[in-house]
Amino acid sequence: MALVRQDLQTGVGRKIPHESAAKHVSGEAVYIDDRLEFPNQLHVYARLSDRPHARILKIDTAPCYEIPGVRIAITSQDVPGQLDIGAVAPGDPLLADGKVEYVGQPVIAVAANSLETARKAAMAAVIEYEDLEPVLSVEEALKKEHFVLDSHQHKRGDSAKALAGAPNRLQGSLHIGGQEHFYLETQISSVIPTEDNGMIVYTSSQNPTEVQKLVAEVLGVPMHKVVIDMRRMGGGFGGKETQAAGPACIAAVIARLTGQPTKMRLPRVDDMTITGKRHPFYVEYDVGFDDDGRLHGIDLTLAGNCGYSPDLSGSIVDRAMFHSDNAYYLGDATVTGHRCKTNTASNTAYRGFGGPQGMVAIEYIMDHIARTLGKDPLEVRKHNYYGKEERNVTHYYQTVEDNQIAELTAELEASSEYERRRREIAEFNRTSPILKKGIALTPVKFGISFTATFLNQAGALVHIYTDGSIHLNHGGTEMGQGLNTKVAQVVAEEFQVDIDRIQITATNTDKVPNTSPTAASSGADLNGKAAQNAAITIRHRLVTFAARHFNVTEEDVEFRNNHVRIREQVLPFEELIQLAYFNQVSLSSTGFYRTPKIYYDRDQARGRPFYYYAYGAACSEVLVDTLTGEYRMLRTDILHDVGASLNPAIDIGQVEGGFVQGMGWLTMEELVWNPQGRLATNGPASYKIPAIADMPADFRVRLVENRKNKEDTIFNSKAVGEPPFMLGMAVWCALKDAVASVGDYRYAPLIDAPATPERVLWGIEQIKQAMARDAVVETA
Amino acid sequence: MIRFLLNQELRVERDLDPNVTVLNYLREHLGKTGTKEGCASGDCGACTVVVGELVDDRIRYRTLNSCLTFVSTLNGKQLITVEDLKDNGQLHSVQQAMVDCHGSQCGFCTPGFVMSMFALQKNGSGYDKAATEEALAGNLCRCTGYRPIIEAAEKSCSVQAQDQFDRQYEATLAQLRAIAPDETCELSAADNRSFSPLTVADLAELYCSHPDARLLAGGTDLALEVTQMHKRLPVMIYVGNVAELKTVETFDDRIEIGAAVPLTDCYDVLSREYPDFGDLLHRFASLQIRNQGTLGGNIGNASPIGDSPPALLALGAQVVLRKGNSTRTIALEDYFVDYRVTVQQESEFIEKIVVPRSSAENNFRVYKISKRLDDDISAVCGAFNLQLGDGTVTGAQIAFGGMAAIPKRARHCEQALVGQPWNDETLESAVKALAQDFAPISDFRASKEYRLLIAGNLLRKYKMELSAPEQAIRVTAHV
């Protein structure tokens, strides 16, 4: 009886470790490349376009076959089914078809008994091109209206009139850089042909159902011939939402043509060259505001650099538009989003999915306004926060409910001692000629739900075996974010059993079909609910059975800490299961969930695209060397809202990791293409993600406590995958603050993202020049 | 044939292509897949393993990037991988700490971190933040943001429990003694051969008889030709076992560093003599790379950036070159000819590097500017060494990396300084002179304008640091 009174130790809200942690640290966790190979295993290497835009005049694969060990070399002509693997709209041929549209586009694929042999053979093929004019810059594409998809506009009120009537007005533009995902495990799929023209596909993908559909399409078979198995990814971050499909489909085509098991793993440089990244954006703004810095109106143009094909750019630019308010009431607003086509890799989902770019745009504007008015940027930000009862409707007409940004900011301002430190920093800067400090506190409001409303659904499958052990499967994918752990905690909580009784299994399309990608931070929200529904179904059956069997009411049956109490009688969980089995009770169930309340009318550009918002704020302090532009992160304080946390340890991990990744995007992570459109930063030697010493020297992260999600989400938690990414904006704004100190905070540092040391130094030089100009004017 | 310990098990390989890296050997030949490939270029640390080596009759454990290590270099050593850390089914204390601190998310980088942490624990005595950051700077994690990993390092370094490696220490020592090489070893398969001589005389002779051979020291650059440029190296001569090339000798006026001394082992002597050189070495690639990469290799590959050459140029270092039985000593400045071209002749190799001792008039400073603090290649590396007397510049040695096709002295800049009063006017004319010395290029690391601007700014900073040494004006000094 004592046991029953105790709380479950591994249920919802507990800080239990990642389900694979012990396997991660011992090297026992199996990633796809770790799987045992077959004696007739084929390895695939793709030969890539070295032209940004060209007609293919000739492909001769005969020389490939002169290399011993080569099995097959394929071109677009060899694909048995549909060639295009575009995720939403066509535009992504599996292998180039008559033309190439970026440097890095796969043209042929060669399979051999080793990757090295396949590579050598692929490089032996003869490919001749006739060059065409490429479009390589987003500005050029915008000017030429060279788009992959139609533009879209959010409009509230009359922004032109508001701008004309505003006491102050500013115009400007900003470039925001892209970002390489740099998942540690590169794209990989391993395929085994089966009978009936079927395929088993092991893939490192956030989107098993889409891989299933595309593999079926390129093979020209129904989806039921294809099984996708996805145990874990070595990182995803959005990069494996659509772009894992290419290697899977190429491997599947080769497996079909040869009858042999086929693996395609991208070497790092190829991965970075072939696959798309976070969209770079070019932003133009015209903003009107009063003397407090409060917005009256804004005209904002967001031009996303989509690369050569649509991929997910429609929704990504939408989300940039949806988040161009961040936490601010924009007044009369016109927000226009363009999907620019350039001859670069097709840019794709990346943590935040366009949201960060929209938010960076408005934060840049906040800083610009503050410097113009000579105010602390935080003051201007707070003046513009959404209200609770008024000024609480977004420019796409969703009411901001349960708005906690003001309280959250106030709490962080106090706990980080923002005011005192700002004073101290100003004093430090007065006496320090070379090194300057900067501080910034920036908010995050992030909308949760897929904006493609139909994707907000999920399924799960739960079996209980006769020994009381539980098999859990759901449509979400594990990429390190701890989704499997959280969903298992949900099931543990529902059955009141410890988590070690629950076996987490690979995401598999023949267990749970028609799943949505694990994206949009929705993994736990959707799959947690689906798994909960499956568990509730079985639990109800068990309760009904127990009540009948023991002749008690259903209220007398209680599941608690690995036991079931039936009035005075206590049974171990597994005994009830045994009993239920012998009494012919079904111990397996699917579960399904769809998000309520959400809709978006694209024609009207109005709706409620988001079920709820997640909030957070970060306060960062940095130190800048005004002679070199180098900087260090001194301190960051974060307060972030995850509702009632399913697992605080995992949520803290998401917040910290998201912040550092966001900081990397806006500081040292710089993508550089050469004038011929080739990515120059194509490996970790040239593309620098944050390393251990880049973490803020003093790093204080807290979750908002005692604040449940008001919506009926899974145990009233909130999504946490993407929102913390944007906390990294505090570092970028703090760098600009340090630079602004050079001009006594009277000049706005116009520093594009990422703020590399070089850009920081140019920002300083620009302010020095402006000061010199003004000094001359004053003297005159 | 090579012999080495795979953890405790003696392995003998007779027929193995010396172009095989330890990573591929583990994953493809042995089916041990715990060690991961993240980049195959030594930049991410996912493939980190620990190698135990007999040094002064003790076992020294060091991390290295298995993707850049040729299997031939394992001869006579112990290879420890992530699979070896569990003992009787129990996680090792560093592994348990990573679990307890939530140090893994996707888990792909984790085996590398575990191995770096294992070596940190083995080599340290308790937790030290700086040592931890140094040990882990070469391991990239994209998920966690590092905080829980640092916590795990703190936890595992704070408890010093005996592990199976301690318990088996004497047995391992005996095994390593038994397989210590006593003659030139050769590993070959197909048409590829690798030699590992033990004496400089044997090396010189081998190189004369195989003038086309590539010298393999740390291999951190050479291996990229195999893993990234997909070349095959038909003949290699590994210099890492040549006793004479692995010594550091300190004389009254100079330090002589053998060409095959790993950068890690250069740290003590160089940082003692020139603290700034120590700081530079701290930021030289990663610990894994420094454990393997050598000072001789860093000079010999003649990169236009190579971090140590600008510092060595400003210090007036020399290199001793050897071919057969004859040696010659030349100024480092005369060693570099053009982009990746040196004065080294066929079959000639660097035997040692001669660095002058520090003296009272030494005013040596070196600055490295890069996008990322750790494990990054400089946009510009500037080294300054002025001699001053009565407020006048009496001598100047200034050198830069990243500003030209070779690491190069700034002769015009130096001329603008020597004989002049050490004041702001002189400084500014010296800054201007840099434009005569250098016409840098723009690339993904930096624009030419930025390079030229910061080259001058570094000289300005140098003057400030000399004038007011008590004022810390480097960002690194504040964290």
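**Exercise 1.** Identify which residues of α10(A) meet which residues of α11(A), then describe the crossing.

*Solution.* Step 1: Met366(A), Asp367(A), Ile369(A) and Ala370(A) in α10(A) meet Pro377(A), Val380(A) and Arg381(A) in α11(A); contact requires C-beta atoms, placed from the backbone, to lie within 7 Å. Helices are DSSP runs (H or I, at least four residues), numbered from the N terminus.

Step 2: The contact residues comprise five nonpolar, no polar and two charged. Ala, Val, Leu, Ile, Met, Phe, Trp, Tyr, Cys and Pro count as nonpolar, Asp, Glu, Lys and Arg as charged, and the others, Gly among them, as polar.

Step 3: The axes of α10 (residues 355-373) and α11 (residues 377-384) of chain A come within 8 Å and cross at roughly 120 degrees. Axes are lines fitted to C-alpha atoms over the stretch in contact, with angles from 0 to 180 degrees between N-to-C directions.

The model is predicted: local features need pLDDT of at least 70, side-chain atom pairs count only at pLDDT 80 or more, and totals for chains, interfaces and linings use all residues. Residues are numbered from 1 along each chain as its sequence is written, while chains are lettered from A and ligands numbered from 1 in the order in which they are written.

**Exercise 2.** Describe the side of chain B that touches chain A.

*Solution.* Step 1: 63 residues of chain B contact 65 residues of chain A.

Step 2: Helices that each supply at least two residues to this side of chain B include α2 (93-100) and α3 (110-123). α18(B) gives the most, with seven residues.

Step 3: This side divides into 32 nonpolar, 17 polar and 14 charged residues.

How values were computed:
Two residues are in contact if their C-beta atoms, placed from the backbone, lie within 7 Å.
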